[in-house]
Amino acid sequence: MTTIIDNLVSQKYTEIPQYTPKDFKANIDVRWCAGCGGYSILNQVQRIMPDLGIPKEKIAFVSGIGCSSRFPYYMDVYGLHGIHGRALAIASGLKAARPDLSVWIATGDGDCMSIGGNHFIHACRRNVNINVIMFNNEIYSLTKGQFSPTSRFGQKTKSSPYGVIDNPFNPTSLALGSGASFVARGIDKDVSHMKYLFERAARHQGFSFVEIYTNCVIFNDGVFEDFSRKETKREKTITLEHGKPLIFGDKNNKGIILDGYVPKVVNIDEGPYSVNDIIVHNEKDTTLAFILSNMTYNDELPRPLGVIQAIEGPTYEELMEEQIEHARSKAKSTSIDDLLKGDDYWEIK
Amino acid sequence: MENKVIEVENAIIRFAGDSGDGMQITGSQFSDTSALLGNDVNTFPDYPSEIRAPEGTLYGVSAYQIHFGSKKTNTPGDEIDVLVAMNASSLKVNLKRVKKGGIIIANSSGFKDKNLKLAHYETNPLEDGSLKDYQLFAIDINQLVRDILADFDLPIKTKDRTKNIFALGFTYWLFDRPLEPTINWIQKKFSKDPLIMEANLKVLKEGYKFGAMRQDMIVRYHVKPANLTPGIYRNITGNNAVALGLVVAAAKAKLPLFLGSYPITPATEILHHISSYKPYGIKHMQMEDEIGGITSAIGAAYGGALAATSTSGPGLSLKVEALGLAVMLELPLIVIDVQRAGPSTGLPTKPEQSDLFIALWGRHGEAPLPVIAARSSNHCFDMTYEAARIALKYMTPVILLTDGYLAQGSEAWKIPTLDELPELTTNLIFDKEDFAPYKRNPETLARPWAIPGIKGLEHRIGGLEKEDITGLVSHDPLNHQKMCELRAAKIAKIADDIPLAYVDGDATGDLLIISWGSTYGAIRNALEIIRSKGLKVSHCHIDYINPLPKNLGTIINSFKRILLPEMNLGQMKLYLQSQFMKPIIGLHKVQGNTFTAKEIQEKIEELLNVKVGE
C-alpha cells in the first residue's frame, strides 16, 4: 500500500547540515530550578545532537509528566509532551509507525519506574530502537517532595514523615531484568562521561536506557553526595569500561574480584592480588551485567557507573517490517478489494 | 410416504450443545450455506465466557442461532423454529426460546442420567411428556455415527466428535439445503487428514439421508432466496467489518494504518483480523495494557498514521486519560468500543449499550469528542469508515460504539469496492508557509497535521494548555477559555457535515420511536408487525450521537410521545432530554441480551392503547 507519507519516510539525505548545539535550543526559557541537574543533561544532549548525522526534522522527543518531562519543550526538534507514565508507549507507537525517526524519551524515576513501570519493562523487552534518558533524583519533585520508587529505605519525605518502608528499585537491574539491550548509568555532574553515554545510546541499535543521577536542589539536595562528592568519588564509585579491569580508588589500587558470583573489593598493591585477578568488564556479558548492576546498593562496593550492558539484536521495528515484507511476498494477493471479498463470497444477480 | 414441503418466509434455527461440541462451526456452516442460496442471513453465536466449561453443565452450553429468510431478517430472531440440542443442559437452557409447536431435534445420548443430573432434570424430558407442545425428534446420534463409521479405523471419541456434522446434515434435509458448500468446506479443512475428511463427509451425507428415510418426518421447509440488490456478498461479523473499515479508510486516505490494542472480550477479533493483514502493510502492536494500546496509537497518529485502538468497557475506562490527551493534541484517532454488560467485569460476553455516558463524558476537563454508533454488523464497516473521515478531517479522536451482539453476530454484506467509497481528506501539511501548530482551518477549525520529518516545521505539542495559534504552553486564563470554546466549537461544527436524521413513517404524530445502536434490528421487526396491524408509529434511528443531527430537535418536537428502547437504564434518554427538554418514555433492558421484537411490539401496543390525557 503506497501512502502519501512514503516520500517523507524514505527520504534519502545526501547532505546533512552542519549543526551546532545552539541549533537544538528551542526559543523558550528553561524553567527548571537554578542548580537543577536537568540543565547539565539538556546541555549534553544538545551537544551530541550535531554529531549524530541525523537531520533535525527526523528527531522527536517524547515525555510523560514530571520535571524531566518538560524536556521536549527545550529542544528545537519535534516534541510530544504526553501524560504521566505513558511516554514509552507513545514513543513505541511512534517508532513502530515511523522507523525513520530518531526517537528519544526524557523521563524521571516516578514517571518511568512507578506510574509508567509497566510500559517500561515491556519497552525494554521489545527492543524498540528508542533512547530513554531517565533523570533519577530519587524523589517526586513536581508534586513537591514525596518519595519515589527509587527513594531510599527509611528516607523521610513529605509523604513518609516516619521514613520510607518500601525498598527502592535499582533501575539498571530492572532494565536488565526486563531485557533491555543497552543499559548505562551516569551522574549529572560528570558531564563528559554523560555525553559519552548519550552518544553510545544514540548509536546503539535497539532499546537504550541511560539512568542519570540528577540532583534535585529543592527536595532532595545532595542525595548522591555520599558517593559522588569529590573527596569520596574515586573510592565509592567505579566507572565501567569495556575490556578494562574493574579498578578504582584514590590511588587506583583497588579492584573487583569474583568470589564465586560474589563481587569483592581487593587491594592490588599489597598482595596477594594483582591486576591480573581483577575482572575485566565485558558489555556483552549479560551475567556480569547483573552482578555489576547489583553492586549499586551495596555499601561495601563502589557504585557502578558507565555502560553496564550493550548487546546487539534485531529491533522491534525491523522485525515488524520484515514480517510485513515476508507476508507480502507469500500473499496470493495484496489487493484490498480481494481482502474485502475474503474467501467465501457469492454473487447475487 | 411423500414428504410435504412447506414454503416459509423466514426461519430461525439454533444449534446448542456443550462448549466442545462444535456448535459454532455447525452454525456457521448452516449460515454460509443459506447465504449462498441467496437468503438474507443474520446470526448470533452465544457462548459462555469460560473456554471449556465442565462438560454437560448448564453454564457450559454453547449455541449458534441463524435467522434466514426471503425477506430482510434484521436480527438473529426471537422465537426459535428449530432447536438442535446435543445434550440435556442445552435443551434446558434454550427451551424457553422455542416457539410452541416448533421442532426439537435432541441427541438422546446426551440425556443419560449424568446429563440429566447436570441439567437439574428430575426425569428425562424426552420421555416424560413435558415436550408434548413441540415436535420432538429424539435421535441417538452418538450410536448412529458409530454405526455409520463402523468401518473407519478411528477411536470412538473421534467418531463421536462427528455428531455435530450429522445434525448439520439432518437439518440440511429438513430445510432443503444443498450439501455441496459444506462438502467443499470439509474437504478443505481436513485436506491433511483424509480419514477424518472421509468420516465427516460420510456422516454429513448420512445425516441428510436419515431425514429422507424417516417415516415420521413428514414436513420439510423451503425458504426462497431473498430479493437482495445484485452484487458480490459475504457474511461478516461486526468485528471483522470494523477491521476492514479501518484498512479501507487508510487505503483511501493513503495513510499507513496502525492499531494499538490489548485483548478484551468481545473486541479481540478486531485485533485478530488486523494482525492478519500484514500483506497489506498494516502495523499493529499488542501492547502491555489498554493504556499502552491507546497511547501507542497516539504516538503513531503523531507520526502520520491513521491510528486506532479497539476495546470494550473496562478497557475504555482505562483509556479515558489518554483520550483527554488526544483531545488536547488534536490528533486523529479512532477508538472502537465494543460494548459489553458492565459495570466492572460485568457479563463479559454479553452485549449492553451502557458505555454511552463514558463515551460522551468520561474525561476530566472540557473534552468533547465525536461519538457515533453502528446499528448492524455490516453497518460497523460504514461507521468505522465514517469515524476515520471525521477524525482525519477534524483532527480529533472519535469513539465508535458497537456492542458484543453486533461484533459477534454476522449478516450478509454487499461488498463495496475501494473505488466506489468516498474520498477522505486529511490536514497533513508538507510546507513551511505560515505554519503554526494550532492555526486552524477556518471552515473545520481543524489544526494542521505537521508530522515529524518535515524540515522547518519542528514544533512541540503536549497535554498542557496551549496558546491559540502558536501552540506554545500558556497558562493565560482568557486563552484557556478561548481554547476550551474552540475545541468545543470544532466538534459542534461537525453537525454541518453529517446526514440529517431520517424519520421512517409519518413526520408528525402521536408516537415516535427513537433508537441507537444495535436495537435497530429488533425495532424494525417490531414495526413491521405493528404496521401490519394498521397502527401508526414512526421511527428515527440515530447513528451520530455527538454531535446530534441538526434536525433531531424538530423531529422530537413533532411527536406527542417518544419511546426510546435501549440496553441500559436510560442513558440516551437522559442525554436527549437534557438536549431537547422533552420527556421521553424509556424502555430499558439490561439482561445481557438484546431486545426481542416482541418486547418492543408489546411496549408499543401498551402505549397506543393508553393514550395520553385519557
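Hi everyone, let's start with a crossing: helices α7(B) and α8(B) cross in a right-handed way. Please keep in mind that this is a predicted model.

So where are these two helices? Helix α7 covers residues 180-189 of chain B, and helix α8 covers residues 194-213 of chain B. Two packed helices are described by the angle between their axes and the distance between the axes. For this pair, the angle is about 165°, and the axes lie 9 Å apart. Angles over 145 degrees count as roughly antiparallel, and α7(B) and α8(B) are therefore roughly antiparallel to each other.

Which residues meet here? From α7(B) come Thr182(B), Ile183(B), Ile186(B) and Gln187(B), and from α8(B) come Met197(B), Asn200(B), Leu201(B) and Leu204(B). Sorted by class, this contact has five nonpolar residues, three polar ones and no charged ones.

Now let's turn to a sheet. Chain B has an open sheet of seven strands, in the order β11-β10-β12-β13-β15-β14-β21, and the pairing is mixed. At the edges are β11 (283-286) and β21 (544-546) of chain B, each pairing on one side only. From one strand to the next, the twist averages 20°.

Let's look at one pair of strands. Strand β10 (residues 257-261) of chain B runs parallel to β11(B), and four bridges join them. As one example, Phe258(B) has Lys283(B) in β11(B) as its bridge partner.

What packs on this sheet? Helix α10 (residues 268-275) of chain B does, touching β10, β11, β12 (306-311) and β13 (333-339) of chain B. The direction of α10 makes about 135° with that of β11(B).

Technical notes:
Residues are numbered from 1 along each chain as its sequence is written. Chains are lettered from A and ligands numbered from 1 in the order in which they are written. This is a predicted model: local features need pLDDT of at least 70, side-chain atom pairs count only at pLDDT 80 or more; totals for chains, interfaces and linings use all residues. Axes are lines fitted to C-alpha atoms, for helices over the stretch in contact, and angles run from 0 to 180 degrees between N-to-C directions. Angles under 35 degrees count as roughly parallel, over 145 as roughly antiparallel, 65 to 115 as roughly perpendicular and the rest as oblique. A crossing is left-handed if the near helix is turned anticlockwise from the far one by less than a right angle, and right-handed if clockwise. Two residues are in contact if their C-beta atoms, placed from the backbone, lie within 7 Å. Ala, Val, Leu, Ile, Met, Phe, Trp, Tyr, Cys and Pro count as nonpolar, Asp, Glu, Lys and Arg as charged, and the others, Gly among them, as polar. Two strands pair if DSSP finds at least two bridges between them.
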